[in-house]
Amino acid sequence: MKPTKRRPFTVTLLYILHIFLGVGALAGGGSMVMDPSGDLIHIPTSMLERSPFSDFLIPGILLFIVFGILPMLVLYGLIKRPEWHWVNTLNPFKKLYSFWALSLYIGFGLIIWIMVQTYMLDSVVIIHLVYMSLGLLIQAVTLLPSVQSYFLLDGGTERR
């Protein structure tokens with residue numbers, strides 16, 4: 001299913017936001033997996049005192065997969081529009097393309113991730129503000145009428 005409408009700038013902006021999140025999380029999560037001590041990214045493991053983790057391996061794996069690979073997969077889905085039925089089951093918005101809903105979920109997930117992280121670290125630094133803003137921005141752009149209109153299914157016909 002290829003879109004017949006011209007892509008608005010807001011859709012391109014959504015693509016850019018997913019790229020920014022995905023590339024950043026792949027780099028950050030990959031660094032944590034390669035060096036769970038945190039030395040590679042200059043973060044001491046003492047920051048994990050309030051968390052259930054003794055090093056950065058598990059947070060790195062989660063970051064790499066959930067906010068690295070998944071946003072890139074969502075980006076692919078938004079651009080190429082494959083018909084993956086398992087994705088349809090996650091979409092309560094049956095008149096909108098399923099990967100549109102996953103974009104919204106990425107925003108929610110990022111906000112929750114940052115909230116939990118700031119609680120566990122018992123601090124807020126600039127990177128938290130940047131990524132909290134990114135999560136809110138992904139949600140806001142996903143919900144824009146021009147973006148929703150672009151991802152309407154075949155004239156708004158409902159998917160069952």
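Guide: Let's start with terms: helices here are DSSP runs (H or I, at least four residues), strands likewise (E, at least two), numbered from the N terminus. This is a predicted model, where local features need pLDDT of at least 70 and side-chain atom pairs count only at pLDDT 80 or more, while totals for chains, interfaces and linings use all residues. Residues are numbered from 1 along each chain as its sequence is written, and side-chain values use heavy atoms, with hydrogens and water left out.

Now the pocket. On a 1 Å grid over the protein atoms alone, a pocket is an open set of points where a 1.4 Å probe fits, with protein on both sides within 12 Å along at least five of seven lines, and lining residues have an atom within 4 Å of a point. Points are joined across faces, edges and corners, and the volume is the space filled by probe spheres set on them. By that count the largest pocket holds about 690 Å³. It is lined by 28 residues, with M32, L63, W113, Q117 and H128 the closest to its centre. Helix α4 (98-121) supplies the largest share of the lining, seven residues, and α1 (9-34), α2 (57-80) and α5 (126-143) each supply at least two.

On to the packing. A nonpolar core is a set of buried Ala, Val, Leu, Ile, Met, Phe, Trp, Tyr and Cys residues joined through side-chain atoms within 4.5 Å; buried means under 20% relative accessible area, with a 1.4 Å probe and protein chains only. The largest such core has 33 residues, and L21 and F151 touch the most other members. Two or more residues come from each of α1, α2, α4, α5 and α6 (145-150), and α4 again turns up, giving the most to this core with eight.

F151 is worth a stop. Leaving aside neighbours within four places in sequence, F151 is in contact (heavy atoms within 4.5 Å) with V11, Y15, L78, R81, K95, L96, Y97 and W100. One of those, R81, sits in the loop between α2 and α3 (85-88), and R81 is buried at 4% relative accessible area. A polar atom of the R81 side chain lies 3.0 Å from the backbone oxygen of Y150.

Definitions and conventions:
Buried means under 20% relative accessible area, exposed over 50%, partly exposed in between (1.4 Å probe, protein chains only). A polar contact is a pair of N or O atoms within 3.5 Å; within protein, one must be able to donate a hydrogen and the other to accept it, and residues adjacent in sequence count only if both atoms are side-chain atoms.
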